Amino acid sequence: MTDQPPVLITLLIQLGVSAAVSSVLARSRRFRVLLFHEDRDIWEKLEMVLYVGGPFMLGVLVRGTVKNFYAADVSFEAAILLGVIAGRTAGVCGGILVSLPYLFMHQY
């Protein structure tokens, strides 16, 4: 028998993590202003990256420290979401932000 959890359970936990983060972000007034603003300058994009990438970076940190807990890591989905919402630059910056914990743990 393998040590990997069933795929359905992992996906359901990932859905729960994403829903929890999105509900917390949706309650923030500043995030809603940034989300519905059409023309964002570079500082607003950076702020959006920090708002979205910060919680998902913590999920990557949890995955790196707890063995066999793949459900906390939804960093790929967060980077794609940032790219769709805020543009290519924000997506790349978000991808870099969520990869920092693994970089500091020397897991390339």
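Colleague: Among contacts in the protein between residues at least 6 apart in sequence, what percentage join residues at least 24 apart?

Modeller: In this predicted model, 58% of the contacts between residues at least 6 apart join residues at least 24 apart. Cys93 belongs to helix H5 (residues 88–104).

Colleague: What makes up the secondary structure of the protein?

Modeller: The protein has five helices and zero strands, and along the sequence the pattern reads α-α-α-α-α. The C-alpha trace spans about 55 × 30 × 20 Å along its principal axes.

Colleague: Why is H3 called roughly antiparallel to H4?

Modeller: The axes of helix H3 (residues 42–65) and helix H4 (residues 75–86) cross at roughly 170° and come within 10 Å. Angles over 145 degrees count as roughly antiparallel, and therefore H3 is roughly antiparallel to H4.

Colleague: Which residues of H3 and H4 meet?

Modeller: From H3 the residues are Lys45, Met48, Val49, Val52, Gly53, Phe56 and Val60, and from H4 they are Ser75, Ala78, Leu82, Ile85 and Ala86. The residues of this contact of H3 with H4 comprise nine nonpolar, two polar and one charged.

Colleague: How far apart are the C-alpha atoms of Leu81 and Val52?

Modeller: Their separation is 9.1 Å, for residues 29 apart along the chain. Leu81 is found in helix H4.

Colleague: Why is Leu81 called partly exposed?

Modeller: The relative accessible area of Leu81 is 44%. Buried requires under 20% and exposed over 50%, with partly exposed in between, so Leu81 is partly exposed.

Colleague: How many aromatic pairs does a search of the whole structure find?

Modeller: The search finds one aromatic pair. Its rings belong to Phe31 and Tyr51.

Colleague: Why is the pair of Phe31 and Tyr51 called edge-to-face?

Modeller: The ring centres of Phe31 and Tyr51 are 6.1 Å apart and the planes stand at 70°. Rings pair if their centres lie within 6.5 Å, and planes over 60 degrees apart count as edge-to-face. The pair of Phe31 and Tyr51 is therefore edge-to-face.

Colleague: What parts does this pair tie together?

Modeller: Phe31 lies in helix H2 (residues 29–36) and Tyr51 in helix H3, so the pair ties together parts that are 20 residues apart in sequence.

Colleague: How do you know whether Phe31 is buried or exposed?

Modeller: Phe31 has a relative accessible area of 8%. Since buried means under 20%, Phe31 is buried. Tyr51, at 28% relative accessibility, counts as partly exposed. Of the 108 residues of the protein, 31% count as buried.

Colleague: What makes the contact of Arg30 and Glu47 a salt bridge?

Modeller: The side chains of Arg30 and Glu47 meet at 3.0 Å, N to O. A salt bridge requires a side-chain nitrogen of Lys or Arg within 4 Å of a carboxyl oxygen of Asp or Glu, and therefore the contact of Arg30 and Glu47 qualifies. The structure holds one salt bridge. The pair links distant parts of the chain, with Arg30 in helix H2 and Glu47 in helix H3, 17 residues apart.

Colleague: Why does Arg30 count as partly exposed?

Modeller: Arg30 has 32% relative accessibility. This value lies between the limits of 20% and 50%, so Arg30 counts as partly exposed. Glu47, at 23% relative accessibility, also counts as partly exposed.

Note on methods: Residues are numbered from 1 along each chain as its sequence is written. This is a predicted model: local features need pLDDT of at least 70, side-chain atom pairs count only at pLDDT 80 or more; totals for chains, interfaces and linings use all residues. Side-chain values use heavy atoms; hydrogens and water are left out. Axes are lines fitted to C-alpha atoms, for helices over the stretch in contact, and angles run from 0 to 180 degrees between N-to-C directions. Helices (H or I, at least four residues) and strands (E, at least two) are DSSP runs, numbered from the N terminus. Angles under 35 degrees count as roughly parallel, over 145 as roughly antiparallel, 65 to 115 as roughly perpendicular and the rest as oblique. Contact means heavy atoms within 4.5 Å. Ala, Val, Leu, Ile, Met, Phe, Trp, Tyr, Cys and Pro count as nonpolar, Asp, Glu, Lys and Arg as charged, and the others, Gly among them, as polar. Rings of Phe, Tyr and Trp (its six-membered ring) pair if their centres lie within 6.5 Å; planes under 30 degrees apart count as stacked, over 60 as edge-to-face and the rest as tilted. Buried means under 20% relative accessible area, exposed over 50%, partly exposed in between (1.4 Å probe, protein chains only).
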